[in-house]
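This report is for a reader meeting the structure for the first time. Look at the sequence and the fold below, then read on.

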Amino acid sequence: MKKIFYQKSILPGYGLSLGITWLYLSLIVLLPLSTLYIKVFTGSLDEFISAVFSLRALKAYEVSFGLSFVSACINSLFGFLVAWVIVRYKIPFKGFWDALIDLPFALPTAVAGITLTWLYGPQGWIGSFLEAHGFKVVFTPIGIAIAMIFVSFPFAVRTIEPVLKDLDPEVEESARCLGASRWKIFQKVIFPTILPSLLTGFTLSFARSMGEYGSVIFIAGNQPLKTEIAPLLIVMRLEEYDYYGSASISVFLLTVSFVLLLCLNFIQFWNRRYLGTI
Amino acid sequence: MKLKKIFMFSFRFILVFIALCFLVLFLVIPLFVVFYNAFSKGIGMYWGNITREETIEAIFLTLKILIVVLPLNTIFGIACAWYITKYKFRGKKLLLTFLDLPFTVSPVVAGTVFVLLFSVNGLLGGIVEKMNIQIIFAFPGMVLATIFITFPFVARELIPIMEEQGQEMEEAGRMLGARTWQILLKITLPNIRWALFYGMVLCSARCVGEFGAVSVVSGHIRGKTITIPLEVEILYNEYNLVGAFGVASLLCIIGLISLIFRKWIEKRDPQNLYRQIHRYGD
Amino acid sequence: MFIFCLILFLSTLSAFSETIELLNVSYDPTRELYKEINKKFSEKWGKEYGINVNIKMSHGGSGKQARSVLEGLEADVVSLALAYDIDMIAKMRSLLPLDWQKKLPDNSCPYTSTIVFLVRKGNPKNIKSWDDLARADVEVITPNPKTSGGARWCYLACWGYVYRKGGTEQAREFVKKVYKNVPVLDTGARGSTNTFLQGIGDVLLSWENEAFLAMKETQNALEIVPPEVSILAEPPVAVIEKYAEKHKTKEIARAYLEFLYTDEAQEIIVKNHYRCSNPAIFEKYRSEFASIKLFHLEEIYPGGWEEVHKIHFSDGGIFDQIMLERK
């Protein structure tokens, strides 16, 4: 019976590590998350649908998903560019730029929020310049997108960078010898190799942007139907005493997160098959 | 031919230029803004802002949360990494998916979950009230929410390395009659020490900076359930922009230290860090 | 780092001398007021009884704060923006008696305030009265009445202005027009003020005291425009008896609230631009407040907050309808 679940190992501590892992995970993650689902199942299906797909909620998803998509696209593009430049070219202060990319991981989101709001606000450096040209960033969807780009940027770079580093120069050289142009090499050799990691980066950065709260609420203006993001709506529902609504939207977002994680696993699986073994 | 070379050079130049512009615009300037604003009223004012009673209380509380969260997450991280890398069992994939959860779940959902669970009308609210302990709007709730957000950081750093290193050394140790704790202390831990250390640094940085989840479960009581990021928000709401950026600069410094630390480890142990960067790419 | 640890250490040590801790859960714009009041009160008790009173504050939108108390935030004292929120605490969890409002003088309101307009220097959009807020070229900033008490007073002031002249239908049309001009609905009054200070909107509907504070913050880059008519906003205070009993702080919590009615505290209240309840002291500082015709909530809704909530702010109430229609 036991053999089906795990292969016996000579190393001790199986029971202990198993116990700690699952106990901790159950107490901290599984039990709390299951309450969310239990709470939602106390209502009828109609209630659930009207809570999850109310006009305000739909608009909030539109803002959240739409802008996350935009920022994930921009991040993939610039993430690739930055990774390319850092891996391939000689640039001054490479170590500095490289460390800098992780800044959004290290910077608390609230700090990012007030900083970006100030910077792009009417009295900030960039904001005052844009305002003079009739361009408003703070409290508009553009502002939200900027905050999302900021917090999820490292995901895009850090997933592409190692694959670019790993690229075998011999493949490119032999392609060159066979007379392929640079563009052709990029198109046929480089791009297919990094495509899976590009997709991984895209998904991660999308997921992160979608869930982002701390930095966005400062810059969003939080106007229902217009600049209200889905995580904020969860908080608003709580503040309006609407526990069920809050739980329902949480469940919806959580499910989307799970689906994204599955996508990630799938991409990684596909990637392994695609490239053979790495 | 020469023309082509010039073209390639300028193409390269433009790429580098765009990339660096992007980095400056999105990363360097915001970082600079924090310190610029923090010191905009002079260094005396800055010092005054970060040594105010409320700020110190916030720092104190944040450290208290860290002291509870960090050891728990470290123990979990070591156990979990050991469990995942040393044995073959079913459900490993599922477990790894759970470890990715905090990267994709909104922190707000994390906070909401604990409110639904422990508020007076919540699932466990009755029990909690009977036992006369306060969980949400108090220290335990904030610890729980922080753990939810930070639990996989240590494990995530350890798994790739322990996988890489295999288990021959441990097995050899076992053959020679070493006890469990001897294997752990004398063989495994020295091998993974840098990754472990770095995981703890990452976990601490995230723990100190967490805003969304903690904000939902904190009762926002000044001097009691206010962490450093929440203090930043309060100061910001009190029109004290300079103060808010002053406190924010403390968080920035913590963040920068973790970045420098990362570079430092990379130099000592390039192979390991390379592995952990690799994890999403492969 | 060492000095820092030392400070932390000392601050914990000092916490061991005899202290009573009170938690006052309050709404947004009272931050500055209670900072002063608490200091005075602690000094007084320290001197008279040798007891160290440490009053902790929690601020946020009034509705949100009431919710926190309902969910288990153990406040000894609440000082919220409107009676309805405290009623909810009394009704839903009986943490205090239903007739709590009779326990202290003046309906448990040691201070009142009203809603005024705050505009940019020179009043560029020439906003003079409520009617101007409905103009298509004006952007109005006000918080969300669903979460903020101040926003409810704003909404009702706006509503009452037309309702007293014309009735429900007209008022509904008018309020709809005004809320169509609102680009940002923050969760609390303080959030709205911050939004306005960031340069968004032409006019801020604001607590009178908050408006004064914002003027001070911006070194008079803003102007207060008093409307001809506005609502008398009555933010009440109450002891949350069940929690106070649990913490054995009932006496001191009550004394704390009674302190608000003393001349000393009333002076502080006026200085923070609230209209204090003591008529003599208010007369003394009368010139600092604009003369606005104030109407009571009960004049438009005799049933009080219960009725208001049912008609306007419940799910699917008039406010919800307006927000949906304005799209």
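## Chain A

Chain A has 278 residues, and 49% of them are buried. A residue is buried if 20 or more other C-beta atoms, placed from the backbone, lie within 10 Å of its own. The model is predicted: local features need pLDDT of at least 70, side-chain atom pairs count only at pLDDT 80 or more, and totals for chains, interfaces and linings use all residues. Residues are numbered from 1 along each chain as its sequence is written, while chains are lettered from A and ligands numbered from 1 in the order in which they are written.

Chain A holds 14 helices and one strand. Helices (H or I, at least four residues) and strands (E, at least two) are DSSP runs, numbered from the N terminus. The C-alpha trace of chain A spans about 75 × 70 × 30 Å along its principal axes. Take the contacts in chain A with a separation of 6 or more: 77% of them join residues 24 or more positions apart. Two residues are in contact if their C-beta atoms, placed from the backbone, lie within 7 Å.

## Chain A against chain B

Here 78 residues of chain A are in contact with 77 residues of chain B. On the chain A side, helix α2 (residues 14-41) of chain A gives the largest share, 15 residues. That side of chain A, touching chain B, has 55 nonpolar, 18 polar and five charged residues. Ala, Val, Leu, Ile, Met, Phe, Trp, Tyr, Cys and Pro count as nonpolar; Asp, Glu, Lys and Arg count as charged; the others, Gly among them, count as polar.

## Chain C against chain A

Chain C also touches chain A: 18 residues of chain C are in contact with 14 residues of chain A. α3(C) gives the most, with three residues. The side of chain C that touches chain A has six nonpolar, seven polar and five charged residues.

## The two domains of chain C

Chain C is divided into domain 1 (2-109 + 235-261) and domain 2 (112-233 + 291-325). These bounds come from an automatic or database domain assignment. The C-alpha centres of the two domains of chain C lie 28 Å apart.

Across the boundary, 18 residues of domain 1 of chain C are in contact with 19 residues of domain 2 of chain C. On the domain 1 side, α3 (62-71) and α4 (83-93) of chain C each supply at least two residues. α4(C) gives the most there, with four residues. The domain 1 side divides into nine nonpolar, four polar and five charged residues.

Notes
Buried ≥ 20, exposed ≤ 12 C-beta atoms within 10 Å, placed from the backbone.
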